[in-house]
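Please look over the sequence and the model together before reading on.

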Amino acid sequence: MTASFPQARLRRTRATAWSRALHREVLVTPADLIWPLFVTEGRGVEDPIASLPGVSRWSVDGIVAQAKQAIAVGIPCLALFPNTQPERRSPDGAEALNPDNLMCRAIRAIRDACGDDIGILTDVALDPYTSHGQDGLIDDAGYVLNDATVEALVGQSLNQAAAGADIIAPSDMMDGRIGAIRDALEGEGYANVQIMAYAAKYASAFYGPFRDAVGSRGLLKGDKKTYQMDPANAEEALREVELDLAEGADSVMVKPGLPYLDIAFRVKQAFGVPVFAYQVSGEYAMIEAAVAAGAGERDALVLETLLAFKRAGCSGVLTYHALHAARLLHG
Ligand code: PBG
């Protein structure tokens, strides 16, 4: 039983800044942020991504400099994505297994320069390496093969773990991949390498700028609807999460972010495990477009969206605004 007006005036606690601070239910801190970065070949290269204004691809030396900035503002983890040169792409994405590929060189360079001062999360899926832009191996009809892809993903995961990745994050949505990767990591001496499963990943229209960034947009024919989830489905997301947890995921991700907050909330309620949200490239681009159009103020938009993720129950957020947000949070 609660009081009613005028005994109850909910505006009382909102009247002053100190009181609002005192009654705030959730907080965002730099420690909630995972910063996705795009790696490209060369030295001293900064290559701006047109559809992601303010975000660039960096050569490995530049990535190390970004990692140091992240550490300085208290960002605990980076997520790395490679822009693989077209001549290194192939139908089977074999470059993903090359111990000297761009990803592995970036991982090692960060580890050499920064030690354990920052976590390195690596995406597992073949799309940055395939000449057709799909996340796995395809048959003659273009269908993405599940079990053969899982085998390749296991190899890719071990390759990244050997280079020093801390968190393996499979984003491919093949069935059974978490269990296969977990077994392989256990078997090869990487028992402490975590798995953050992109458990509920939707076939979304919000990934366009990312595909530009890794160079797969022009290559991809068709869509990813035979493996990524139907945006209409929420019950199915709970099944996906349940399976990934049963197979050994340490944490789960919901992706995209804001349009799928109901999913993040339900996953947290149902399982009580660490849930992360990926505020994806199209979401970043929407905020930047709003700012450019004079429809909103960047700092306020960014912080409000991050707060929404925390309120929904997320442990953290992957966001291209991470560095900016961390600086804002430091005042
Ligand atoms: C690749 C992958 C994608 C994203 C992360 N990993 C794109 C896709 O599935 O097509 C999207 C991230 C973003 O849009 O920021 N499997």
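What follows is a guided reading of selected helices, salt bridges and strand residues.

This is a predicted model, in which local features need pLDDT of at least 70 and side-chain atom pairs count only at pLDDT 80 or more, while totals for chains, interfaces and linings use all residues. Residues are numbered from 1 along each chain as its sequence is written, and side-chain values use heavy atoms, with hydrogens and water left out.

The 13 residues of α3 should span 18 Å at 1.5 Å a residue, and its end C-alpha atoms are 18 Å apart, which agrees; the expected span here is 1.5 Å times one less than the number of residues. Among the buried residues of α3 are Leu-102, Met-103, Ala-106, Ile-107, Ile-110 and Arg-111, where buried means under 20% relative accessible area, exposed over 50% and partly exposed in between, with a 1.4 Å probe and protein chains only. The buried residues of α3 pack against β1 (33–40), α2 (60–72), β4 (77–82), β5 (119–124) and α4 (146–163). After α3 comes Gly-115, which has a positive phi, near 55°.

Charged pairs come next. Side chains of opposite charge can pair when their charged atoms come close. The structure holds 15 salt bridges, each being a side-chain nitrogen of Lys or Arg within 4 Å of a carboxyl oxygen of Asp or Glu. Asp-244 is buried, as is Arg-177.

Another salt bridge joins Glu-235 and Arg-266, whose closest N and O atoms are 2.9 Å apart. Because Glu-235 lies in helix α7 and Arg-266 in helix α8 (residues 261–271), the pair ties together parts that are 31 residues apart in sequence. Glu-235 counts as exposed, at 54% relative accessibility, whereas Arg-266 is partly exposed, with a relative accessible area of 32%.

Helix α10 (residues 298–312) packs with helix α11 (residues 322–329) at an angle of about 95°, their axes being 10 Å apart. This makes α10 roughly perpendicular to α11; that word covers angles of 65 to 115 degrees. The contact (heavy atoms within 4.5 Å) is made by residues including Val-302, Leu-303 and Leu-306 of α10 and Ala-325, Leu-328 and Leu-329 of α11.

Two strand residues complete the reading. Thr-319 is placed in strand β10 (residues 316–319) and is buried, with a relative accessible area of 1%. Beyond its neighbours within four places in sequence, Thr-319 is in contact with Leu-33, Ile-34, Trp-35, Pro-36, Gln-279 and Leu-306. Gly-119 is placed in strand β5 and counts as buried at 16% relative accessibility. Leaving aside neighbours within four places in sequence, Gly-119 is in contact with Pro-76, Cys-77, Leu-78 and Asp-166.

Terms used. Axes are lines fitted to C-alpha atoms, for helices over the stretch in contact, and angles run from 0 to 180 degrees between N-to-C directions. Helices (H or I, at least four residues) and strands (E, at least two) are DSSP runs, numbered from the N terminus. Angles under 35 degrees count as roughly parallel, over 145 as roughly antiparallel, 65 to 115 as roughly perpendicular and the rest as oblique.
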